[in-house]
Amino acid sequence: MSNRVILVDVLMPRIRKADFASRLEELQSLISTYGNFEVISTYQKRHTTNYRTYIGPGKAETLFKEALEKDVDFIIINNAMKPAQIWNLQEMFEDYKATYIEKHEAGDIDYLARISRNKKIDIWDRVDLILKIFEKHASTSEANLEIELAKLNHMGPRIYGMGNMLSKQGGGVGTRGGGKSNTEMMRLHLKKQEQKILEQLLQCKKNKEVQRNNRTKKGLKTVAIVGYTNAGKSHTLLALTGKEVYIADQLFATLDTRVGNLFLPDLNKVCLVSDTIGFIQDLPPDLINSFRSTLEETIYSDLILHVIDISDEKYEKKIRVVMEILKGLKIKQEIVFVFNKIDNVKTKMEFNFLKKDILEKYSEFNPMFISAKEKTGIDELVKFIESRIE
Ligand SMILES: Nc1nc2c(ncn2[C@@H]2O[C@H](COP(=O)(O)OP(=O)(O)OP(=O)(O)O)[C@@H](O)[C@H]2O)c(=O)[nH]1
Ligand SMILES: [Mg+2]
């Protein structure tokens, strides 16, 4: 049975009207990437955010009411919230449910039977949703560690909150006063866990450093593929190197770094090409920090291929998102724009129009045009890589 979900997208003042629809589309594709959700209703509205609960109490009550009456399992909010806000909202739901049941107890018995007192609703923000998707796709121990770390950072305070509640419930003599409160114990426990993960990640980092040094010694150059999620990065790696990676019409199909060999005929040598996690708008900085280890292949590469889906109406916005994130990673090496999916542009005329525009606008990034799927434009791309790797 699928999970019933209400989607909420809070629009900040800086968000332009033109982007409203695409925000919802992206949320929908995140939802379907995760799978097993049935969307019951969707709200998108400009709102000022509430310090304690992110969405204001009035709006929250409307959502809770609908959630109870339509037997919803999840409320997913398409914004990055503070962990405490999610916790407070969850608490507010419990209070609302209690009063709601009380209020109706006198009346409609049948109706009440449907709302069990144990009815749970999970409230997720955008970070929770992305992390859940990451969790589904992680295959290496390194990616799993990075997810654990991000989860601790994002969930942590919600878990303290639980400790707090346990302390309150404990109440009686002996549970208070002596020793540490549950909250503090929880906090210490999490701190220790975080330390352990960081140590393991450090080990991964060291191993990679050794690998990198070996490569440099052998004179092996590396090319890193980056881009918005679903742009066709893994397909591009496949077209260049024959390296098979998990490819799907889903967001975040690739989570780890995958590396393939590319033979450069003119130079008669091999270089390495790496594929990595896709970027997305509003990717919270904490999440990027947690994924630094995965992104190192990109950070230390000799050349960067920024793959862009030319058939995506929003490609310019997505270019900006990716460039912003690269800036945050302090990337200094040359970046080439590789416009992919040219086979997917409707007409030849439209393609020529786009190409002319792109060549003018992005000339400093040496735009290339390929179809990774149909393997067109790959030879030119290889030639270009050769000219830079030399
Ligand atoms: N028409 C067309 N579709 C493509 C092309 N390249 C990739 N695709 C499709 O785009 C979708 C995403 O491709 P991937 O290679 O998995 O994209 P990605 O950038 O690695 O995606 P993530 O790892 O999820 O971030 C798949 O459905 C591909 O079939 C192309 O050249 N033409
Ligand atoms: Mg991929």
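Analyst: Helices (H or I, at least four residues) and strands (E, at least two) are DSSP runs, numbered from the N terminus. This is a predicted model, where local features need pLDDT of at least 70, side-chain atom pairs count only at pLDDT 80 or more, and totals for chains, interfaces and linings use all residues. Residues are numbered from 1 along each chain as its sequence is written.

User: How many helices and strands does the chain have?

Analyst: The chain has 13 helices and ten strands.

User: How do I read strand pairing, and what joins S1 to S3?

Analyst: Strands of a sheet pair through backbone hydrogen bonds, either parallel or antiparallel. Two strands count as paired if DSSP finds at least two bridges between them. Here, S1 (residues 3–11) and S3 run parallel, joined by four bridges. Ile6 has Ile75 in S3 as its bridge partner. Four bridges also join S3 to S4 (residues 122–125), again in parallel. Ile77 stands opposite Asp125 in S4.

User: Which way do the residues of S3 point?

Analyst: In a regular strand the side chains alternate between the two faces of the sheet. In S3 (residues 74–77), Phe74 and Ile76 point one way, Ile75 and Ile77 the other. All are buried. Buried means that 20 or more other C-beta atoms, placed from the backbone, lie within 10 Å of the residue's own.

User: What is the strand order in the open sheet of six strands?

Analyst: The order is S6-S7-S5-S8-S9-S10, with mixed pairing. S6 (258–264) and S10 (368–369) stand at the edges with a single partner strand each, so one side of each has no neighbour in the sheet. S6 and S7 (residues 269–275) run antiparallel, joined by seven bridges. Asn261 stands opposite Leu272 in S7.

Key:
Chains are lettered from A and ligands numbered from 1 in the order in which they are written. A residue is buried if 20 or more other C-beta atoms lie within 10 Å of its own, exposed if 12 or fewer, and partly exposed in between; C-beta atoms are placed from the backbone.
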